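Biologist: I would like the terms in this description tied to their cut-offs. Please show me the model and let me ask.

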2 protein chains.
Amino acid sequence: MTAPARFSLNQQTVRQWSLPELAAGCAAAGVRRVGLWRGPVREYGAEAAARLVRDAGLTVSSLCRGGFLTAADPAGRAAALADNRAAVEEAATLGTGTLVLVAGGLPPGSRDLPGARERVADALAELGPYAAGCGVRLAIEPLHPMYASDRCVVSTLRQALDLAERFPADQVGVVVDTYHLWWDDTVAGQLVRAGEGGRIAAFQLADWVTPLPEGVLLGRGQLGDGCVDLRWFHERAGAAGYRGPEEVEIFQPGLWARDGAAVLAEVLDRYERYVLGIPAVTGK
Amino acid sequence: MTAPARFSLNQQTVRQWSLPELAAGCAAAGVRRVGLWRGPVREYGAEAAARLVRDAGLTVSSLCRGGFLTAADPAGRAAALADNRAAVEEAATLGTGTLVLVAGGLPPGSRDLPGARERVADALAELGPYAAGCGVRLAIEPLHPMYASDRCVVSTLRQALDLAERFPADQVGVVVDTYHLWWDDTVAGQLVRAGEGGRIAAFQLADWVTPLPEGVLLGRGQLGDGCVDLRWFHERAGAAGYRGPEEVEIFQPGLWARDGAAVLAEVLDRYERYVLGIPAVTGK
């Protein structure tokens, strides 16, 4: 059994699986790439996790996530930088060249979005050379504007590229995630820009479904269940020169309540139909 | 008792009030402008509502709302156009020159955002001349991108202006609502553009607070409780030449559970402090 070559399973899609279950489940399904998260990796031990996935024939497409770089106070800022250096080292240990960064939200009581965005740039200036020295690229992920206050002050692909382009392309890239960007009618042009500059460091997929749940964190849709033209993103990123992993990352309790192997099989089927555009097998 | 001259109370902020209570409550507080909604106006009768507010010394800053113009089927489209003509007539009856339009979301099963946006433009071409003939301007309201799939395919001020500028300025304008636009770092330039073209048809205020509630409709914040720099919007709109009403429109069950007059007094206090920048009275 073999999954499409560029397909990657982000472990949050099957949060019910431990790391060993993830490695075994992916191997059984012919999946060759996984996106990992720092929490479970640190719990298991980064070295041990690296061995585990390597022994299962897997490569790590990205590590999620560093970032949260908007603190205005010196202590908070120093702690964030130290934590991000540790994240860079964990990424290097796992053998992935991509560390996903979520910028962080506004500090409590602040209304200064431009100031917060500038502090992110300052942090990238400190972290970029260190990351590149470890063979890791920082990948800024623009998050949907509904997270702008409490999670990520970088809301569009243009903003992410404006930030990234202040630094060498081997230090800072961007994440293209369909869930966050689908609504934006400027995204086609920004994908071209990102491709031309060699800035697409990661590509993630989830669908948009409503109603959104309280807190709006865990409402992502299975591929094909929502209104995002996933194939359009796949084709536009490809036309812009992106040939890297396509990671499916769906935060959804409905998927976590099911058997992990069944979820992975469904994700693979949906990926082929809605992302690659391969018709469903008749009678399936 | 007199409220600031440009202040307007959108009736959704005090949904607990009937129309007569709204008229009396505003008169008692020295408020001279109200924003009305079609549902309560139709229930009361548009003619009677017009008399009621006029007799209380109030003018109507805007009527919310028409729109929902994205239906792809001929019957749905015809029904939407008829409903919007009725809304135009209700606005004219109320003596307001501004009918707020919410574009509408994607039809069920559709992934075609550009197509839906184009159908909105087609509808404006039909409705604009009729509205202008009634002395009413259609005011396109860009809604936060979190509503792009199910409520409004127009998500940014730039998109709203791109649409409006296809038509004469007396037919189609835009709504500037801080709740929907605060996160967008291109909004300063778009406010200048909107002002230069004479396109700012309405200005609405609410604050952004988290966590968002399920469905994300009723989570707006009282002025000053969130992270929006309301005064910045007030000043930028003013610098762009806007001198019209500033309508406070907060959908929040917490406000509806309280005494309407107390809510209005709080809104007025917050408006003075956080929008106009008048310091709070000492000891208050």
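Modeller: What follows is a set of questions on the wording, each answered with the value and its definition.

Modeller: This is a predicted model, where local features need pLDDT of at least 70, side-chain atom pairs count only at pLDDT 80 or more, and totals for chains, interfaces and linings use all residues. Residues are numbered from 1 along each chain as its sequence is written, chains are lettered from A and ligands numbered from 1 in the order in which they are written, and side-chain values use heavy atoms, with hydrogens and water left out.

Biologist: What makes A:Asp225 partly exposed?

Modeller: Its relative accessibility is 47%. Buried means under 20% relative accessible area, exposed over 50%, and partly exposed in between, with a 1.4 Å probe and protein chains only. So A:Asp225 counts as partly exposed.

Biologist: Where is A:Asp225 found, and which residues does A:Asp225 touch?

Modeller: A:Asp225 is in the loop between strand E9 (220-221) and helix H9 (230-239) of chain A. Helices (H or I, at least four residues) and strands (E, at least two) are DSSP runs, numbered from the N terminus. A:Asp225 touches A:Asp207, A:Val209 and A:Arg270, leaving aside residues up to four places away in sequence. Contact means heavy atoms within 4.5 Å. A:Tyr274 lies 49 residues from A:Asp225 along the chain, with 9.7 Å between their C-alpha atoms.

Biologist: Why is strand E7 of chain A called largely enclosed?

Modeller: Six of the six residues of E7(A), residues 200-205, are buried, so the rest of the structure largely encloses this strand.

Biologist: How many bridges pair E7(A) with strand E6 of chain A, and how many with strand E10 of chain A?

Modeller: Two strands pair if DSSP finds at least two bridges between them. E6(A), residues 172-177, and E7(A) have four, in the parallel sense. A:Val174 stands opposite A:Ile200 there. E7(A) and E10(A), residues 246-248, have two, also parallel. A:Gln204 has A:Glu247 as its bridge partner in E10(A). Both pairs therefore meet the definition.

Biologist: In what order do the strands of the chain A barrel run?

Modeller: Eight strands form a closed barrel, E1-E2-E3-E4-E5-E6-E7-E10, with parallel pairing. The twist averages 30° from one strand to the next.

Biologist: What makes E1(A) and E2(A) a pair?

Modeller: Two bridges join E1(A), residues 7-10, to E2(A), residues 33-37, in the parallel sense. The definition asks for at least two, so they pair. A:Leu9 is partnered by A:Val34 in E2(A). Helix H1 (residues 19-29) of chain A lies across E1 and E2, at about 165° to E2(A).

Biologist: Why are helices H3 and H4 of chain B called roughly parallel?

Modeller: The axes of H3(B), residues 46-55, and H4(B), residues 74-94, cross at roughly 30° and come within 8 Å. Axes are lines fitted to C-alpha atoms, for helices over the stretch in contact, and angles run from 0 to 180 degrees between N-to-C directions. Under 35 degrees counts as roughly parallel, over 145 as roughly antiparallel, 65 to 115 as roughly perpendicular and the rest as oblique. So H3(B) is roughly parallel to H4(B).

Biologist: Which residues meet in this contact?

Modeller: B:Ala46, B:Glu47, B:Ala49 and B:Ala50 of H3(B) meet B:Glu90, B:Thr93 and B:Leu94 of H4(B). Four are nonpolar, one is polar and two are charged. Ala, Val, Leu, Ile, Met, Phe, Trp, Tyr, Cys and Pro count as nonpolar, Asp, Glu, Lys and Arg as charged, and the others, Gly among them, as polar.
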